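Please take a look at the structure below before reading on. The briefing that follows goes through its salt bridges, its metal site and the contact between its chains.

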Amino acid sequence: MKNIDIKVLEEKFQKKIDQDIKIEPNDWMPDDYRITLIRQISQHAHSEVVGMLPEGNWITRAPNLRRKAVLLAKVQDEAGHGLYLYCAAETLGADREETIDDLHSGKAKYSSIFNYPTLTWADMGAIGWLVDGAAIMNQVPLCRCSYGPYARAMVRVCKEESFHQRQGFEIMTKLSNGSQEQKDMAQDALNRFWWPALMMFGPNDAESKHTAQSMNWKIKRHTNDELRQQFVDVTVPQAEILGLTIPDKDLKWNEKKKGYDFGKINWDEFWQVVGGNGPCNKERVDARRKAKEDGKWVIEAAMAFANKRSAKKSA
Amino acid sequence: MNLEQALYKYVLRLGDDSLILGQRLAELCGHGPILEEDIALTNISLDLIGQATLFLEYAGALGGENKTNDDLAFLRLEKEYVNVLLVEQPNGHFGDTIMRQFLFDAFRKPLLEKLQNSSDEKLASIAEKALKETKYHLKHSSEWVIRLGDGTEESHAKIQESLNTLYRYTHELFYTDEVDLMLNKNNIIPNLESIKSQWENTIKEVLEMANLSLPDNNWKFEGGRQGRHSEHMGYLLADLQYMQRTYPNMEW
Ligand SMILES: [Fe+2]
Ligand SMILES: [Fe+2]
Ligand SMILES: [Fe+2]
């Protein structure tokens with residue numbers, strides 16, 4: 001294609017974006033738009049699937065039948081989110097198994113939060129409350145993302161995430177109204193998950209290399225710091241309701257900005273975890289790789305069987 | 001033993017079979033061979049935990065000691081659980097998991113079909129709900145047995161081996177004692193012999209389609225119904241009961 005033609009197509013594309021017309025799989029789109037989306041959607045899909053592991057860790061030990069069923073259903077929802085998102089990535093020409101192999105080789109990233117261990121039952125509360133809570137902040141604007149299939153997947157996902165968030169908060173409520181051991185357990189979980197939850201919004205705006213372009217394309221609607229601020233402002237009063245203390249001595253209401261000031265995030269830790277050196281990075285990726293390797297003979301059998309059946313049918 | 005005591009014992013068996021198999025499948029959540037199958041196995045686990053919740057709630061009401069379903073699920077001694085040995089066997093590989101499920105589902109479905117007509121209304125209504133789920137479980141597990149049996153050479157060998165290992169536990173599905181006799185006489189539960197022929201037919205039909213054959217040497221294991229479990233059970237209970245044992249008398 002001549003450069004001039006591409007220029008015209010690009011202008012038409014940007015005009016559609018500016019008019020909030022959704023881009024659909026068969027529409028022309030710039031290569032970078034496609035690449036950016038494939039990266040973001042498959043990272044999101046991986047996060048859903050890897051995110052099953054820290055909570056899966058407590059299903060067999062859930063304290064009662066109701067909690068066990070609710071946790072099972074939640075982790076199952078996350079598998080469903082992973083599925084929709086892999087499908088959304090496929091509409092852009094990504095191959096599901098290839099993107100999964102990128103996860104297993106360490107080439108593809110996923111949300112750093114899932115590299116932290118779940119040590120007590122209260123972590124199921126803290127994850128639902130904080131991690132699903134932060135995910136909602138990140139994902140609600142994605143329901144208006146310029147790429148149609150991603151936006152539509154997010155509508156479904158967000159409904160379930162807010163359900164998860166409420167369930168997490170309910171676990172925390174029960175604990176903070178319980179015995180001293182239960183209160184301590186809840187506070188300890190908040191201490192461990194607070195900062196990693198803030199890191200879920202990604203680096204500060206000044207360090208975030210993709211933000212400007214993504215906002216132009218309306219893949220992203222708010223900057224990392226805006227979303228993080230929003231999360232803090234919503235969550236601090238919830239911690240007060242629970243009678244728990246946010247582990248940040250610099251946290252303070254700022255009347256002028258009508259929001260909370262909060263302490264400095266440990267970005268060294270963030271980059272360490274993103275780079276593969278978090279407490280559970282190896283365990284998480286190993287578990288996913290093992291699931292695929294152990295399942296290989298099963299998939300082969302299913303394919304061989306399907307081939308035999310269709311051969312029989314056409315014979 | 002009066003009728004209510006017999007019914008308590010029987011409902012406990014139903015509840016424990018569901019609970020322990022549901023707990024086993026729950027271990028796999030997040031580790032399935034592909035996402036679709038992860039979701040399917042989790043669904044079955046959820047159904048079984050739901051069934052356990054209902055059966056054990058009813059057992060609690062029959063037991064006369066004011067026990068809740070959670071008390072029964074989490075706070076008994078190992079020897080007080082009365083599930084069959086089959087359901088407590090480890091997940092092994094996917095073929096083992098599927099074969100264990102199939103052998104159980106093929107038994108559970110005809111049993112629940114009969115129980116939904118029980119003269120005990122409460123039992124009948126739980127059975128009716130559980131049957132809907134179990135029909136789907138049996139369909140799912142039979143299809144996989146056939147796929148793996150008639151898939152590749154490797155899958156055939158693996159699932160045949162699973163059958164060889166697990167078949168010895170099926171005899172116990174039809175364990176009968178004075179509890180069964182008393183309830184059967186009062187039209188509360190069916191005669192297990194009638195279930196057995198249906199079970200055998202399903203097994204025969206599916207194994208035939210899967211090109212699998214029954215092992216000829218099969219020692220008949222039992223003990224679960226009397227509270228004598230395999231070595232695996234203690235570890236399963238250690239996980240299941242961890243929170244309730246570590247933090248007694250709390251609400252969650
Ligand atoms: Fe999710
Ligand atoms: Fe998410
Ligand atoms: Fe979630």
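**Salt bridges, metal site and interface**

Lys282(A) and Asp286(A) form a salt bridge, in which the closest N and O atoms are 2.6 Å apart. The model is a predicted one, and a search of the whole of it finds 35 salt bridges over all chains. Side chains of opposite charge can pair when their charged atoms come close.

**Salt bridges within a helix**

- Both Lys282(A) and Asp286(A) belong to helix α12 of chain A, which covers residues 281-314, and they are four residues apart there, about one turn of the helix.
- Lys282(A) counts as exposed because its relative accessibility is 58%, whereas Asp286(A), at 26% relative accessibility, counts as partly exposed.
- In chain B, the side chains of Lys139(B) and Glu143(B) meet in a salt bridge with an N to O distance of 3.0 Å.
- Lys139(B) and Glu143(B) are four residues apart in helix α6 of chain B, and are therefore separated by about one helical turn.
- Lys139(B) is exposed, with a relative accessible area of 52%, while Glu143(B), at 33% relative accessibility, counts as partly exposed.

**The iron site**

- The iron ion (ligand 1) is coordinated by Glu48(A), Glu78(A) and Glu161(A) through OE atoms and by His81(A) through ND1, at 1.9 to 2.2 Å.
- Along the sequence, the donor residues of the iron ion (ligand 1) follow the spacing E-x29-E-x2-H-x79-E.
- The site of the iron ion (ligand 1) is tetrahedral, with angles of 90 to 133° among its four donor atoms.
- Distant parts of the chain are linked by the pair Glu78(A), in helix α4 (residues 65-90) of chain A, and Glu161(A), in helix α7 (residues 148-176) of chain A, which are 83 residues apart.
- Glu78(A) counts as buried at 5% relative accessibility, and Glu161(A) is buried too, with a relative accessible area of 2%.
- Glu48(A) bridges the iron ion (ligand 1) and the iron ion (ligand 2), and these two ions lie 3.6 Å apart.

**The interface of chain A and chain B**

- Chain B brings 47 residues to the contact and chain A brings 45 residues, and between them the two chains bury about 4,100 Å², of which 69% is on carbon and sulfur atoms.
- Between chain B and chain A there are 14 residue pairs in polar contact.
- On the side of chain B that touches chain A, several helices give two or more residues, among them α1 (3-26), α5 (94-115) and α10 (232-246) of chain B, and α2(B) gives the most, with ten residues.
- Four salt bridges are found across the interface of chain B and chain A, and Lys308(A) forms a salt bridge with Asp150(B), where the closest N and O atoms are 3.1 Å apart.
- A network of salt bridges links Arg96(A), Glu97(A), Asp101(A) and Lys292(A) with Glu36(B).

Definitions and conventions. Residues are numbered from 1 along each chain as its sequence is written. Chains are lettered from A and ligands numbered from 1 in the order in which they are written. This is a predicted model: local features need pLDDT of at least 70, side-chain atom pairs count only at pLDDT 80 or more; totals for chains, interfaces and linings use all residues. Side-chain values use heavy atoms; hydrogens and water are left out. Donors are N, O and S atoms within 2.8 Å of the metal (3.2 Å for Na, K and Ca); water is not among the atoms, so sites may look incomplete. Four donors count as tetrahedral if all angles lie between 85 and 135 degrees; four count as square planar and six as octahedral if opposite donors are over 155 degrees apart and all others between 65 and 115; anything else is irregular. Buried means under 20% relative accessible area, exposed over 50%, partly exposed in between (1.4 Å probe, protein chains only). Contact means heavy atoms within 4.5 Å. Buried area is the accessible area (1.4 Å probe) that two parts lose on being put together, summed over both. A polar contact is a pair of N or O atoms within 3.5 Å; within protein, one must be able to donate a hydrogen and the other to accept it, and residues adjacent in sequence count only if both atoms are side-chain atoms.
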